[in-house]
Amino acid sequence: MTEDVRSAPGVDARGAVARAAPDVETLRASLDAVGYLTDTGLCTALFLALRLPQPLLLEGEPGVGKTEAAKALAAVLDTPLIRLQCYDGLDVAEALYEWNYPRQLLAIRLAESQGTPLAEADLFSDAFLLRRPILAALTHPGPAPAVLLIDEIDRADDDFEAFLLEVLAEAAVTIPERGTVRATVAPVIVLTSNRTRDLHDALKRRCVYHWIDYPDVERVAEILRRRVPDSPRVLASGVAAAVRRLRLPELQKAPGIAEGIDWIRALSLLGVERVDAAAADRTLGLLVKYREDQDLVRARGLDWLVGEGDD
Ligand SMILES: Nc1ncnc2c1ncn2[C@@H]1O[C@H](COP(=O)(O)OP(=O)(O)O)[C@@H](O)[C@H]1O
Ligand SMILES: [Mg+2]
């Protein structure tokens, strides 16, 4: 029993992707237009993943833009982003599909009370199928493929990784009551990992792999201005430089780009045009969110944080 809906007429998924990403530079400009900045390495990896096509594995520290890359791809392809957030204990049912038991029971009771026959196949029809992210992505009708984001795969356990490998290899899943469901339009798959553990070589082998480095101060400033467009240029540079200074191993949670964005939003709202020690003092909680870390920063000095007295 096979449910092969792959040959849906009029669906030209490859064509849709090729039009959105005809070459690396066009893709880069399109990503830029939706607010996502790439360098040549990252953009090439994204391009290849789309066009080969192969799943993309993005690794890097928290906050370097892994999740955002998948969102940006979905925006560029004008297609839904379907996200599976991984965690310890994530099981296949939550990732793939579940049967809606309460509804099935209700249908059985109703059929009994009305004396109408109910075939087993009816109970396993679409009406009772809850499509979780992977199945939803595989059965997305197109024309452009859905972007399936499997976020923070390093948080899931080994078994889940093994299961995922199968899905990646086949672009198909088996539902015992229904048979094999093949992808209507194979999704664009983006896996991310914060590298809290190493992933299996077998998984990596299937993917285009790219390590995203923490961006330098200029790029962070550019990203900040992209996210908070009306913020002054000097403010963005100041915030980016402060975030860079705080990338200290002794902090429990060094701020990343996300905290930088929050901070610059707050400073803009307060009408601050340039970061100084006084502004940092009253808004430190947007940037540094552990009391001990705040003490540490204050001990070093807010002048140091905002680069006053450097020159
Ligand atoms: N290259 C980039 N272009 C635009 N925004 C970015 C970029 N990198 C990071 N960001 C922003 O920084 C924040 C953190 O990014 P995110 O994708 O959540 O990081 P990660 O998933 O790697 O932990 C988000 O608000 C995102 O919009
Ligand atoms: Mg993320």
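The questions below cover the ligand shell and then the cysteines.

This is a predicted model, in which local features need pLDDT of at least 70, side-chain atom pairs count only at pLDDT 80 or more, and totals for chains, interfaces and linings use all residues. Residues are numbered from 1 along each chain as its sequence is written, chains are lettered from A and ligands numbered from 1 in the order in which they are written, and side-chain values use heavy atoms, with hydrogens and water left out.

Student: How many residues surround ligand 1?
Tutor: A residue counts if one of its heavy atoms lies within 4 Å of the ligand. Leu-37, Gly-63, Lys-66, Thr-67 and Glu-68 are the closest, and the number surrounding ligand 1 is 16.

Student: Which residue has a polar side-chain atom 2.7 Å from an oxygen atom of ligand 1?
Tutor: A polar contact is a pair of N or O atoms within 3.5 Å. Glu-68 places a backbone N or O atom 2.8 Å from a ligand oxygen, and a polar backbone atom of Val-64 is 3.2 Å from one. The side-chain atom at 2.7 Å belongs to Lys-66.

Student: What share of the exposed area of ligand 1 does the protein bury?
Tutor: Areas come from the Shrake-Rupley method with a 1.4 Å probe. Taken alone, ligand 1 exposes 560 Å², and the buried share is 86%.

Student: Which cysteine sulfur is nearest to that of Cys-43?
Tutor: Cys-43 is in no disulfide. The nearest cysteine sulfur is 18 Å away and belongs to Cys-207.

Technical notes
A disulfide is a pair of cysteine sulfur atoms within 2.5 Å. A polar contact is a pair of N or O atoms within 3.5 Å; within protein, one must be able to donate a hydrogen and the other to accept it, and residues adjacent in sequence count only if both atoms are side-chain atoms.
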